[in-house]
Structures are given as structure tokens and as C-alpha cells.
Amino acid sequence: MPTYELALMLRTMARPELVSTLKRTTDSIFSRGGFLRKLDFLGDKTLPYRIHKNSQKHFTGSAFVVTFDVPPKCISDLMEEYSRDVDVLKRQIFKIEEPSNAECLLGDELQPPAYRKEVIQMMKVAAKGQKEKYPQNTGLKYYPFQK
Amino acid sequence: MFRNYQKLYTINNLSINQNLAGLQSVRWRRKPRWLPTAPSKVFKVPERHVLPYDEKIEWQRLNNNYRTQVNSIRRYLIKEVEERQKMFELQETPADEEAEFQRCFVMNQEWNQEIAKGRISRVEGENEKRREEILLNLEKRKQREEVILHHVEERVKLEKDVAETFITRETVDRAIEIALANPVDFNYSIDTNGKRSDIVEEQKSPENL
């Protein structure tokens, strides 16, 4: 099962209600054969914009980040289920991918153009198409080769 | 009359400006075929072109020579074709035809045998090459699967170690309590070594030691 991250914004509630909502939210993951890896509470936040849901205006919310594993085909179901939840203001699920082991090439990129590998390659390609130039000082009044 | 048709055969500049500056002539204009002879040319009879006598005789001689030569060549060619046709018809007895067929058949058999020899050796080589390739691919696949299995086993081992910390239906209550009690904030900056820049490690001053 791949690991996903659920960014969850719940409406501001009293503690018991918040706990029950969280239980409900996590239970839908468990019922699909998943489990949680981590549950983080990011605190009560002021929303960046007013959210209108169920005939109510919301200006604040409680932010959570839930890291969980679940079969991939259940993601759309989860999203749909959370969309129907009256206490969930916003939700989004991201797939956690392993960080790539890319090498840092900033040092190479900051070099002057003539030393950069790409530029050297480009110069080689450009030199291929050009004709060989012969010196002009042949003593003749004209260029003896084909221009 | 011609003036009337001139209007047709010139492009007038949108007919707005009627002066000659807007007049553009069409090249190669000619009297249309359906117009009658111009009044000035009605009674004009064109002079008949008469060849001089000597020239006429010479022209006739050359023409006669040419026609004679062409006719002779033509007759010769016709005769030759007819002769060839006759020869061909003479050759075509059933026995001859059978012999010719046998000759071609034997020759074709020989060619086929030669080509078959080459084909057999080529196909053998190809099969051998293919066999080697398949074996190599099988070996490669085996190695690849081993590597994948190794990775999978490593991953499983890792997950087994971490499995104790997973939050399940039984432990979720406690996890929620802990999470609500300890709000986290990821809104901080890190330095180039990946350390948090807002947490400064306390340096022990000599007085405290």
C-alpha cells in the first residue's frame, strides 16, 4: 500500500466534538484496510479566505496532517466521503514519494560558460557544420579555395 | 467598336478616378475570334507566297529522297519482323516446348538447391543466436528479479521494524489525544545543513560549568 498524506481542515469545534470528528475521519481509513503512520495537529488557524459551507461562514479552522497507508483505489472514495462530512472544510490527499537521490550540480552550473559541459557539447555540434577556414595570407590576390 | 471592347480588356481603377492615371493595360490583347473582319481589311487580299522555280525543284528532290529512304527502312523492318515470326512459329513444336520446359525446370531445381543450402546454414546460425539471446535474457531476468526481491525484502524488514508505531483502530484514541496536546508547526526555515535556524543550541558558559 502506498503512503498518502491527508491535509485536513476541520471547522472550529469544542474538544469532544473535534475528537469524535477525528475518530470518524480516521475510521474511514481503517474500514478500508488502511492504517495511520502519523497524526499531526497544526493548531487552530485563521483561514486565508472565508469558507462558506452548510449555510455557515467559517473564518477559522483546525488543521491536521494525517499520514496514512491505504489501497490506491480507495483514495477517490475517501475524498468523496470527506466532501460529504459537514465538519470538514477542506481536504486534499497527496501521495508521498521517496525523495530522489539527485546529485547537486549547482557548482557546475555556476561555472563560466566555457567550462560548462553543455556549452562545450554545443560548441562541438556547432563546429561540425562549419567549413574549414584557410589562412588568408597565401600571397594571392584572391581566396584560392571555395568559399 | 474596338474602343467598346477596350473597356472590357482593361482594368479600370475601381471606376472612381476616370483619368488615364488609373488605367492599366492588359498585355497580349487581341481581337476576339468572334469579331468580324476590321472594316479597313475587308477588301484586302493577302499576297500568295510563291517559291522560286529552282528552290521548288530542289525542295521536291530532297523530299522525294527522304520519302524513299523512310519507306525502304520501313519495308525492311516489316520484313525482318515477319521473318522472325516465321522462325518462332517453326520452333514451337510440342517436343521442343517440352524440352525447353525440362531445361528450365532442371536449371530452376539447381538454383533452388543452392539457395536451400545457404538458407539452412543461415537459419541454423540464426536459431543458435536466438537461443543464446533467450538464455541471456532469462539470466538477466533472473538477476533483475533477485534485485527486486532483495529490495522488497529490505522494505518489508524496514516496515516490520516500524510496524509497532503504526496507529490502528485500537490506538487511535491515544494518538488523537497526543496530537491535540502537542500542536506542531512546520513553518520554520532551515539552514544549508538542514538544521532549523530558529532553535539555537544553548552554549554552556564558563560560569555555569
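In this predicted model, Ser55(A) lies in the loop between strand 2 and strand 3 of chain A, and Asn54(A) is found in that loop as well. Ser55(A) has a positive phi of about 60 degrees although it is not a glycine, and phi of Asn54(A), also a residue other than glycine, is positive and near 50 degrees.

- Most residues other than glycine have a negative phi.
- Asn54(A) is exposed because 9 other C-beta atoms lie within 10 Å, where 12 or fewer is the limit for an exposed residue.
- Ser55(A) is likewise exposed, with 5 other C-beta atoms within 10 Å.

- Chain A holds an open sheet of 4 strands in the order 2-3-1-4, and the pairing is antiparallel.
- Strand 2 and strand 4 (88-95) of chain A stand at the edges with a single partner strand each, so one side of each is left without a neighbour in the sheet.
- From one strand to the next, the twist averages 20 degrees.
- Strand 2 of chain A and strand 3 of chain A run antiparallel and are joined by 13 bridges, while strand 1 of chain A pairs with strand 3 of chain A, also in the antiparallel sense, over 9 bridges.
- Within the pairing of strand 1 with strand 3 of chain A, Leu8(A) stands opposite Phe64(A), and Met9(A) stands opposite Ala63(A).

**The largest nonpolar core**

- The largest nonpolar core has 19 residues, of which Leu8(A), Leu10(A), Leu36(A), Leu39(A), Val66(A) and Phe68(A) touch the most other members.
- Two or more residues of this core come from each of strand 1 (3-11), helix 1, strand 2 and strand 3 (56-69) of chain A, and also from helix 4 (172-181) of chain B.
- Strand 1 of chain A gives the largest share of this core, namely 5 residues.
- In soluble globular proteins, nonpolar side chains tend to be buried together.
- Leaving aside residues up to four places away in sequence, Phe68(A) touches Tyr4(A), Leu6(A), Ile29(A), Gly34(A), Phe35(A), Leu36(A) and Arg37(A).

**The contact between chain A and chain B**

- The contact draws on 13 residues from chain A and 12 residues from chain B.
- On the side of chain A that touches chain B, helix 1 (15-30) and strand 2 (35-53) of chain A each supply at least two residues, and the largest share, 8 residues, comes from strand 2 of chain A.
- Sorted by class, this side of chain A has 8 nonpolar, 2 polar and 3 charged residues.

**Chain B**

- The secondary structure of chain B consists of 4 helices and 2 strands, which follow the pattern α-β-β-α-α-α when read along the sequence.
- Chain B has 209 residues, and 1% of them count as buried.

Conventions. Residues are numbered from 1 along each chain as its sequence is written. Chains are lettered from A and ligands numbered from 1 in the order in which they are written. This is a predicted model: local features need pLDDT of at least 70, side-chain atom pairs count only at pLDDT 80 or more; totals for chains, interfaces and linings use all residues. Two residues are in contact if their C-beta atoms, placed from the backbone, lie within 7 Å. Ala, Val, Leu, Ile, Met, Phe, Trp, Tyr, Cys and Pro count as nonpolar, Asp, Glu, Lys and Arg as charged, and the others, Gly among them, as polar. A nonpolar core is a set of buried Ala, Val, Leu, Ile, Met, Phe, Trp, Tyr and Cys residues joined through C-beta atoms within 7 Å. A residue is buried if 20 or more other C-beta atoms lie within 10 Å of its own, exposed if 12 or fewer, and partly exposed in between; C-beta atoms are placed from the backbone. Two strands pair if DSSP finds at least two bridges between them. Axes are lines fitted to C-alpha atoms, for helices over the stretch in contact, and angles run from 0 to 180 degrees between N-to-C directions.
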